Each structure stands twice: as structure tokens, then as C-alpha cells.
Amino acid sequence: MEERASCRIVRAIFDFDEGTRNMSATGARPAGAADEAGAAQAVRQMFDSIAPRYDLLNHLLSANVDRLWWRRTARRFGPVLARPDSAILDICCGTGDLTMALLKLRPKDAKPVLAADFARGMLRRGAAKFGTRQRRISGSERKPAEPYAVAIEADALHLPLASGSLDLIVTAFGFRNLVNYEAGLREFRRVLRPGGQLGILEFSEPEGLLGRAYALYFRHLLPAIGRLICGKDGPYNYLPASVGKFPSSGEMLQMMRSAGYVECAWQPYTFGIAGLYTAVRPF
Ligand SMILES: C[S@@+](CC[C@H](N)C(=O)[O-])C[C@H]1O[C@@H](n2cnc3c(N)ncnc32)[C@H](O)[C@@H]1O
């Protein structure tokens, strides 16, 4: 009896602790944003403002390792990408580099990948890379069409897609910027088919000596280079700050399970500087 009571107390303390931690990890809050609507607007404006320099800075600051991460993420979903009729969404697609990696693994004549983002300046640059329908139907003789993607201007928290309509949702370095992580996971679950897969590529903070060395670069050198090239202070301070506030891999996996996913897993990339979360919407 006594043992059960003490178990209940321990459980209550644990639940309270989990609740408090999850509350602090509700979602992105750029400096000065008072609520979710303000935070979403600040995030959108920030990405629109850095869109012209985004690709240059991305490749420079990651020494091109970002390309390996996008390719590795796409390969993880090889079987679903290889099916021509799979319905696939790259959400928070930005300037479209993950979309391009996905397209490389799509067969000719496949259904187009959907690529969505709410920052028009980012999306426009993506759309210029990942193709248009004109390219698909050009020429008088019909040849098997090259895989392409369709750009959709949309908010990840309110997707203009039918429930249960997708086989795969992937996102690279976008999830951290959502103003409500739990709402994002719920919305992704809504539009996935039972058995549909989710992949979230995100930065993380490695531990140990390497982690400390990386933190020096990430928190001090990276914002300075970003400031120099893009001429603005905010965005490249926001990057390390938002990674620092992002839930740990354990908390993130717990959040995914609580949102109703199964087979939740995390695969660290490059000593844990980044990593891929994967999960499945159950049948
Ligand atoms: C760091 S960029 C990543 C872009 C791209 N996926 C990549 O790997 O380079 C984050 C992107 O997420 C988008 N984003 C953030 N919150 C969003 C939301 N609620 N709905 C749609 N897009 C969002 C931003 O506009 C931005 O383009």
C-alpha cells in the first residue's frame, strides 16, 4: 500500500517535471515576440530578409556538410521515394535543397513532391530550383517526365491538405522554428496516412570536448560571419539561441510519442551536430 502511494508521489513529481520542461519547449520565440502570432510573423520576416544570402551562408557556415545531411535524409526514405505514386511533402522547404535531394530519388513520371514554406522570399528561390510543370510537358513527343516539385505557400501548423493524404513528410531545419512544436506534430499526424512516415532533420548540441569546441564556433564565430555577410544582427544570433532552447533528443522523442507516433527514433549525424528524427503514424 505504502509502496504504491510513494510510487504515485514519484510519478506525480515526474509528470510535473515533464510538464514544466515541455512548457519551456513549446516553440520558437524570437526576441521581442509576445505570443505565437507575433513569433510566427517574426520568423517569417526574418527568413524573408535573409533569403537572398541564405544558400551562400548555409554552405559556407556548414562547410558544405549540409549537402551530405540532406542526401542522407533522402536516402533514409528511399523505398517510399521510389514509388511513383507516393504523396510526399517537404515542409519548411525554404530554398529547396532537401526537395532537390528527394527529387534525385524519385523515378521518372512520379507524382510531384509538394514543397511548402510560409516565407515567400525563400519559397520563390526554392521553386526556381525544383522545377515547373512546363518543363514536364515540353516537347511534342511525350517522354517520361523528370521528377519535379510544386511550391505551396503555407503554414506548417495549418496545412491546406486533406487528412490522411500523405505517405511521407520531411523537414530540414524548419521544425525548430515552429511556434508550437506539439501543434506541428499533431498537424503532421493529421495529414499523414496510417503507416505514413515522418522525418525531421534538426540541429542539436553535441556533448563532451567536441561539443564545447563546437559551441564556441556555433555561438560566437558563426553569428559574427553571418552578421558580416548578411549585414544584419538578428538572424544569426537567433540560430544558436533557438538550437540551445530546442528540446533534447530524449524530450523530442517523448513529445513525438505523446503526439501519437510510433517507432520514434533519433539518428545523430556528424558527431551529433545534427540528427534525424523518424516516426510513423500508426495504423
Ligand atoms: C532554416 S530554414 C530551412 C530551409 C530548408 N529546409 C533547408 O534545409 O535549408 C527554415 C524554414 O522554415 C520556414 N518556416 C518556419 N516556420 C514555418 C511555418 N510555420 N510554416 C512554414 N514554413 C515555416 C522558414 O520560412 C524557413 O524557410
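**Sheet, aromatic pairs and ligand surroundings in a predicted model**

Just after helix α11, G260 takes a positive phi of about 100°; helices (H or I, at least four residues) and strands (E, at least two) are DSSP runs, numbered from the N terminus. The model is a predicted one, in which local features need pLDDT of at least 70 and side-chain atom pairs count only at pLDDT 80 or more, whereas totals for chains, interfaces and linings use all residues. Residues are numbered from 1 along each chain as its sequence is written, and side-chain values use heavy atoms, with hydrogens and water left out. Within α11 itself (residues 249-258), E251, M252, L253, M255 and M256 are buried, where buried means under 20% relative accessible area, exposed over 50% and partly exposed in between (1.4 Å probe, protein chains only).

Seven strands form an open sheet in the order β3-β2-β1-β4-β5-β7-β6, with mixed pairing; two strands are taken to pair if DSSP finds at least two bridges between them. Strands β3 (149-153) and β6 stand at the edges, each with a single partner strand, so one side of each is left without a neighbour in the sheet. Strand β1 (residues 88-91) pairs with strand β2 (residues 113-117) in the parallel sense over three bridges, and L89 has L114 in β2 as its bridge partner.

Strand β7, by contrast, takes part in antiparallel pairing, with strand β5 (residues 192-203) over seven bridges and with β6 over six bridges. The bridge partner of F203 in β7 is A274, and Y269 also stands opposite A274. The hairpin of β6 and β7 has four residues between the strands, and T270 in this hairpin takes a positive phi near 45°. In a regular strand the side chains alternate between the two faces of the sheet. In β7, A274, L276, T278 and V280 point one way, while G275, Y277 and A279 point the other way, and all are buried.

The structure holds eight aromatic pairs, a pair being rings of Phe, Tyr and Trp (its six-membered ring) with centres within 6.5 Å, counted as stacked if the planes are under 30 degrees apart, as edge-to-face if over 60 and as tilted for the rest. The rings of W69 and F173 have centres 5.9 Å apart and planes at 50°, so this pair is tilted. The pair links distant parts of the chain, since W69 belongs to helix α3 (residues 65-76) and F173 to the loop between β4 (166-172) and α8 (181-191), 104 residues apart; both W69 and F173 are buried. The pair of W266 and Y277 is likewise tilted, at 6.0 Å centre to centre and with 35° between the planes. W266 is partly exposed, with a relative accessible area of 25%, whereas Y277 counts as buried at 1% relative accessibility.

The ligand is surrounded by 20 residues, of which the closest are Y54, C92, D117, A156 and A172; a residue is near a molecule if one of its heavy atoms lies within 4 Å of it. An oxygen atom of the ligand is 2.6 Å from an N or O atom in the side chain of D117. A nitrogen atom of the ligand is 2.9 Å from an N or O atom in the side chain of D155, and a ligand nitrogen atom is 3.2 Å from a polar backbone atom of F118.

Key
Polar contact = N/O pair within 3.5 Å; in protein donor to acceptor, adjacent residues only side chain to side chain.
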